[in-house]
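Here are a few exercises to work through with the model open in your viewer. Try each one before you read the solution.

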Amino acid sequence: MKITRVRVHQLVAPMRRRFGWSLNWTSLRMATLVEVNTDCGLTGWGDGGFGGERLRRHPELVIGRSPFEVEAIYDDLRPPAEAQHDRGEPAGAGLDVALWDLVGKALDMPVSKLLGRRFHSRITPYCTCMYRQDWPDLAEGLADEARSWVAKGFRILKMKVGYGPDLDVAIVRAVRRAVGASIGLAIDANCAYDDATALALGRRLEEFNLLWWEEPVWADDLAGYDRLRRFLRMPLAGGETFS
C-alpha cells in the first residue's frame, strides 16, 4: 500500500459575534482536515494543523511511501527545533492522525491497540468554553454561560483566563459560584504570563479547587513550569504548542 495523494481541506466560517482569549480575538471558526489517499482505495482522515510547506517543496517525503511509516514521515516533516516564538509551520499533526487512521483501517484494528492498549472504555468529556466576549460584565456573562453548559450535562468545564491577575480571579470566582463545588473546573491562560506573575496568580486561584491550569507560561519555559510545579498545589498542563 502506497500513498498517492494528500489533500488539505481548510474550513472557515464567519461567526455572528467575535470571541477572544488571552492572545487574540477572532470572528471566524476554522478547521483543517487532512485527507490521505492510497493505491489500494483506503483513505485516512486527520483533524489538526498541517505542515504543508515542507511537503510542497519535498513531496517525496510522503507521496509513494507506505502509510505504515507513520513516525518516520512525521520526523521527516518536522521543522528545525527553534524557540516557540519563532518555530514556523507545525510538523503536521493532521497528517499524522490521517496516517494512523489508514494503518488502523488496513489492519482492521483500533488505533488505541496499535499505540499500546486501550486504558479506558469510557471517559468523561470536558467542555472547552467561556471565551472572552463583548459583554458589559465579563464575569456575569461567563457565569451565565457556565450554567448553560452544566444544564446541557457537562460535569467538567475549562474556561479561558489570561486577562490580568485581578480580572482572572474575578471571573474564576464568578464561574465557581455559578456552577458550585461539584462541577470540575479547569482554566487555560494560553501562555499569557511570566512565571513570577503566574506564581502569584496561582496562589490566589488555589481556593477555587481547579482541576488544572493549562499553559500558564510559554510552552518552552521549562524552568518556569518547574517553579510553578514546586510551589503551587494545583496540577499544571502544557505542551500543546511545544514540538
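Predicted model: local features only at pLDDT ≥ 70, side-chain atom pairs only at ≥ 80, totals over all residues.

Residues are numbered from 1 along each chain as its sequence is written, and side-chain values use heavy atoms, with hydrogens and water left out.

**Exercise 1. Get an overview of the protein chain.**

Step 1: count the elements, taking helices (H or I, at least four residues) and strands (E, at least two) as DSSP runs numbered from the N terminus.

Step 2: box the C-alpha atoms along the principal axes; the box is roughly 55 × 40 × 40 Å.

Step 3: check burial (buried is under 20% relative accessible area, exposed over 50%, partly exposed in between, with a 1.4 Å probe and protein chains only). Of the 243 residues, 40% are buried.

**Exercise 2. Find the nonpolar cores.**

Step 1: a nonpolar core is a set of buried Ala, Val, Leu, Ile, Met, Phe, Trp, Tyr and Cys residues joined through side-chain atoms within 4.5 Å. The largest one has 36 residues, and M130, L157, M159, I171, V172, L205 and W213 touch the most other members.

Step 2: Elements giving at least two residues each include β4 (127-129), α5 (138-151) and β5 (156-160), while α6 gives the most, with seven.

Step 3: look for another core. A second, separate one of 16 residues includes V6, V34, L61 and I73.

**Exercise 3. Describe how α7 packs against α8.**

Step 1: Helix α7 (residues 195-205) and helix α8 (residues 222-231) come out at about 25°, with axes 10 Å apart.

Step 2: classify the angle. Angles under 35 degrees count as roughly parallel, over 145 as roughly antiparallel, 65 to 115 as roughly perpendicular and the rest as oblique, so α7 and α8 are roughly parallel.

Step 3: list the contact residues (heavy atoms within 4.5 Å). They are D195, A196, A198, L199 and R203 of α7, and G224, R227, L228 and F231 of α8.

**Exercise 4. Is P14 buried or exposed?**

Step 1: locate P14, which is in strand β1 (residues 3-20).

Step 2: P14 has 68% relative accessibility, so P14 counts as exposed.

Step 3: leaving aside neighbours within four places in sequence, P14 is in contact with S27 and L28.

Key. Axes fitted to C-alpha atoms, helices over the stretch in contact; angles between N-to-C directions.
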